[in-house]
Amino acid sequence: MSNLYSQELEDMRQQIAILKKKLEKQAIISDAHIRNSMKSKQSDMTRVIAVTIFVGAISVPYCTWMFYKYGFSLLFIVATTIMLAVCIGITIKQRCSLKNLDFAHGNLLDVAEKLNKVKTHYHEWIKIALPLILSWLSWLVYEGVTRMEPGPLQMGFLSGAVVGVALGGIFGFRVNRKIVRKSTEILNQIKELQSGM
């Protein structure tokens, strides 16, 4: 009788051991799946940021040439170039910070802290960008009105500039929202992984 009980106990132990291995394997697969999802979102964000860097890099020589061609003040041209260069530099820094996050093997606490800094930057950037763009646009209109001959060319240039800034603002706002949204999704996934540990 005792042999029967000990055999049943041994069978139960083996079944529990098998079950534990299955659960551990499932947890590892789940962990890998979530980390791959985070890496995919990271790649998506770095691609979007790369596009903004590319557009910014093209806009520097184009704007410099265009404003020089229409006789805008040297101060305005230099200020515009510096503003664009600083924005591009900050964006490159944020992209590098994001790209260097190791979602596959990195410490999740460190990754979350660094990602949260990127998210905060994009979340807060609008508070700096909006007044800056509006001030720059006002200066642009002033330069266009005082430096260009009144007529269809002036009206076309100023209308195009306003529309261009509006479209650029919409694009920038959408990029910001996308980065903030995807960062939030990743941070939630990190919390999910940590809660399962």
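## An aromatic cluster around F72

F67, Y70, F72, F76, W136, W139 and F157 form one aromatic cluster. The model is predicted: local features need pLDDT of at least 70, side-chain atom pairs count only at pLDDT 80 or more, and totals for chains, interfaces and linings use all residues. Residues are numbered from 1 along each chain as its sequence is written, and side-chain values use heavy atoms, without hydrogens and water.

The whole structure holds 10 aromatic pairs. Rings of Phe, Tyr and Trp (its six-membered ring) pair if their centres lie within 6.5 Å; planes under 30 degrees apart are stacked, over 60 edge-to-face, the rest tilted. Two of the pairs are F67 with F157 and F76 with W136.

| Pair | Centre to centre | Angle of planes | Type |
|---|---|---|---|
| F67 and F157 | 6.5 Å | 80° | edge-to-face |
| F76 and W136 | 5.9 Å | 20° | stacked |

F67 lies in helix 1 and F157 in helix 4, so their pair ties together parts 90 residues apart in sequence. F76 in helix 2 and W136 in helix 3 are 60 residues apart. Helices are DSSP runs (H or I, at least four residues), numbered from the N terminus. F67 and F157 are both buried. So are both F76 and W136. Buried means under 20% relative accessible area (1.4 Å probe, protein chains only).

F72 sits in the loop between helix 1 (2-69) and helix 2 (74-99). F72 counts as buried because its relative accessibility is 5%. L140 is 68 residues from F72 in sequence, yet their C-alpha atoms are 8.8 Å apart.

Technical notes. Helix = DSSP H or I, 4+ residues; strand = E, 2+ residues; numbered from the N terminus. Buried < 20%, exposed > 50% of the residue type's maximum accessible area, 1.4 Å probe, protein only.
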